[in-house]
Amino acid sequence: MTVRWRPRRRFLVAAVAVVALLGAAATLGAVLRQPVGVTAASLRIGVVDGPRDDQHVVLDASFFTPAGQGRLPAILLAPGFGETRYAVTPEAEYLARAGFAVLTWSPRGTGASGGQIGLDSPDYEVRDTSQLVTWLARQPRVLLDRPGDPRVGITGASYGGGLALLAAAYDHRINAVVAQSAWNNLATALFPNAAGGGPVSWVGGGPANWVGGGPASGVFARQWAGLLFTQGSAGFGTPLPGPGSPVASPAGSAAGPAGSAAAVRQHVLCGRFLPSICAMYQQAAQAGQATPAAISLLQRSSPVSVAGRMDAPTLLIQGEHDSLFDLGQADANYRAIRHNGGPAAMVWFAGGHDGGDQQTGYVDSLTAAWFTRWLAPGHAPPPTRLPVPPSLARFTAGTGQPGFAVSRVLGFDPSTDGVTLGIATAGAYPGLAGTTRTAVPLTGPPQAIDHPPGGAPPSLSGFPGLGALGAPPASPAPFTGGTSGVTFDMPGQSAAFTSAPLAAALDVTGSPTVRIRVGGAPQVTLFAKVYDVDQAGHATLPDELVAPLRVTGARAGRTVTVTLPAID
C-alpha cells in the first residue's frame with residue numbers, strides 16, 4: 001500500500017511543533033492460510049497471593065489450543081479493566097488458530113473469580129500471573145525452554161496491557177510482550193500536569209525525580225477516575241455479596257438483615273476493590289489532588305516502578321484517540337525498554353479509550369506476528385539483556401520489522417460511510433521530540449480570564465470514553481468548533497493566541513510545546529489546546545485532546561513550558 005500524503009495540520013494555535021518524517025507505507029500482518037480447529041476448556045485455577053502470600057483465590061479461566069498433539073508456544077491474554085475472560089475470546093481463538101496455546105482468565109475481583117481488585121498490584125494480580133506461567137509449564141501442549149519455564153508471551157489492552165508489562169518485568173520466564181493502550185505511570189495518568197517542559201515521566205532514583213510536572217501538583221482526572229471506580233464498584237451486573245457469590249462479605253459484618261444491609265452499603269461504596277484502593281479514591285475524589293500515599297500506591301501498580309527490569313521484546317500499540325493513557329505513556333515505556341537493551345517497536349493506531357477506529361484486525365495481526373517472531377519454536381529465547389548493534393538499531397533490534405508505524409486518515413469512503421486509513425512506517429521510532437523542530441510564533445495581548453463560582457464549564461471538548469461530543473457546529477467562527485466534534489471555549493474564561501497563516505502545510509508527529517506566562521493567583525489550573533484552523537476559520541481540535549496543567553507560585557507571574565498532547 002502506498003500512503004498518499006495530503007496537506008495536514010495548518011496550526012494557527014501552536015508554538016513549537018515537532019515533525020517526524022516517516023517513510024513508505026506497509027501493513028504488517030500474520031496471514032492465516034487455513035482455518036484451524038480450536039478447543040476451549042473452562043478451568044478453575046487456584047493461586048495464592050497477598051503481601052504475606054496467605055490469600056487463596058480461585059481464578060475463572062479458559063485454555064485454548066489448536067488441533068494437534070505437539071507442543072506450542074503459549075500466550076497469556078489478559079482482559080481490560082472490569083472485563084472477564086469472555087471479553088477476549090475472539091482474540092484468544094485468533095491466536096490459537098495462529099499456532100499458540102492461549103490462557104485467558106478473569107482477574108481477581110472480576111466475574112466469577114474470587115478476591116478483590118488490587119489495580120494490577122505486584123502483591124496480587126502480578127503474583128497471580130506468575131503462578132499462571134507456572135501452570136502453563138505443567139501443560140503437555142506447551143513448549144518448554146527448560147523445566148518449569150514455558151515459552152510464553154503475554155498480551156492485553158488497557159488494564160491487561162499494564163499487567164502484561166508488569167508481569168514481564170517481575171517474571172523473566174515471560175519471553176515477549178504486546179501491550180496495547182497501556183500506562184507507564186498511573187499517578188501521572190490520573191493526575192497529569194503538562195507544565196514542566198517535557199513529557200511527564202519518572203526517571204528513577206526517588207519520588208522527586210520527575211521530568212515535567214509531577215502528580216503531586218497534577219490536575220485530578222475526575223471523570224476518568226470516577227468512571228473506572230464506578231465500573232469496579234457498582235459495575236455492570238456486579239453480583240452482590242452472599243452465599244454462592246464470588247463477592248465476599250466484608251470482614252466482621254454481622255449476620256442477619258442488618259449485616260446484609262451493611263454488606264450491601266459497603267459493596268456499593270467500594271465494590272470489589274481492596275479497601276486500600278477504595279480509601280485512596282475516596283480521599284482523592286474529595287480533595288481533588290494526590291496524596292503521597294496515593295502516588296506511592298499508583299506508582300507501584302505501574303511499569304515505571306520496575307523500569308530498570310523491563311527488557312523483554314515488546315510491541316507497544318497505543319491509541320491516538322486516548323485522553324486516559326496517551327501516546328506519552330507508551331513513549332515512556334518504550335524509552336525504558338530500549339534503555340535496558342530490550343527490543344521494542346511502537347505502533348500508533350486510530351483508536352483508543354476515547355473511541356475512533358480500533359483497527360481490531362490490524363492489531364490482532366500485529367500481535368500474532370510479534371509472537372511468531374519471538375516465540376517460534378526455532379527461535380532461542382533472548383538473553384536477559386540484548387545488546388543492539390548500531391547497524392541494526394533502526395530495525396527493532398534486528399527483527400526486520402518496522403520500528404514505528406502510525407495509522408493515518410487518507411480520506412472518506414462513501415461506500416462504507418467511513419474513513420480510509422493508511423499505515424506509514426519508519427525503521428526507527430523517533431520519540432515524541434521527533435527529528436525536526438519548527439517554531440511557529442504566536443501573537444496576542446495579555447488576557448484576563450476567570451472561572452466564577454458556580455459558572456459553566458470554561459471549556460468543552462469531549463467526554464472520557466466517548467471522544468468528541470455531537471456533530472460539528474455550523475458556525476465558521478474560530479474556536480467554536482470543527483470537524484472533530486463540539487469544541488467550545490467560554491468567553492471570559494479562556495484566552496487565545498494565534499499565529500499568522502502558515503505559508504505551507506505543516507506535518508506534526510509528536511508533542512508540540514508552548515511557552516506561556518501566567519499570573520494573578522498563587523495557583524492556577526488551566527487546560528491547554530492547540531487548534532488547526534482552516535482558511536474558512538473552522539477550528540479542529542486534533543483527537544479532542546487537551547493538556548491539563550497546574551501552575552503554582554504564579555501570583556507575581558511565572559513563565560512555564562507546556563507540553564501539549566502527542567498527535568499525528
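The model is predicted: local features need pLDDT of at least 70, side-chain atom pairs count only at pLDDT 80 or more, and totals for chains, interfaces and linings use all residues. Residues are numbered from 1 along each chain as its sequence is written, and side-chain values use heavy atoms, with hydrogens and water left out.

**Whole chain.** Select the protein chain and colour by secondary structure: 10 helices and 24 strands are present. Helices (H or I, at least four residues) and strands (E, at least two) are DSSP runs, numbered from the N terminus. Of the 568 residues, 52% are buried, meaning under 20% relative accessible area, with exposed over 50% and partly exposed in between (1.4 Å probe, protein chains only). Among contacts (heavy atoms within 4.5 Å) with a separation of 6 or more, 75% join residues 24 or more positions apart.

**α1 and α10.** Select residues 89–97 (α1) and 360–375 (α10), whose axes come within 10 Å and cross at roughly 40°. Axes are lines fitted to C-alpha atoms, for helices over the stretch in contact, and angles run from 0 to 180 degrees between N-to-C directions. Helix α1 is therefore oblique to α10 (under 35 degrees is roughly parallel, over 145 roughly antiparallel, 65 to 115 roughly perpendicular, the rest oblique). Show side chains for Glu-91, Tyr-94 and Leu-95 of α1, which contact Asp-364, Ser-365, Thr-367 and Ala-368 of α10. These residues divide into 3 nonpolar, 2 polar and 2 charged. Ala, Val, Leu, Ile, Met, Phe, Trp, Tyr, Cys and Pro count as nonpolar, Asp, Glu, Lys and Arg as charged, and the others, Gly among them, as polar.

**Ala-98.** Next select Ala-98, in the loop between α1 and β5 (101–105). Ala-98 counts as partly exposed because its relative accessibility is 25%.

**α7 and α8.** Finally, select residues 275–287 (α7) and 292–300 (α8), which pack at about 130° with axes 10 Å apart. That angle makes α7 oblique to α8, and their crossing is left-handed. Ser-276, Ile-277 and Met-280 of α7 meet Ala-294, Leu-297 and Leu-298 of α8. This contact has 5 nonpolar, 1 polar and no charged residues.

Terms used. Left-handed = near helix turned anticlockwise from the far one by under 90°.
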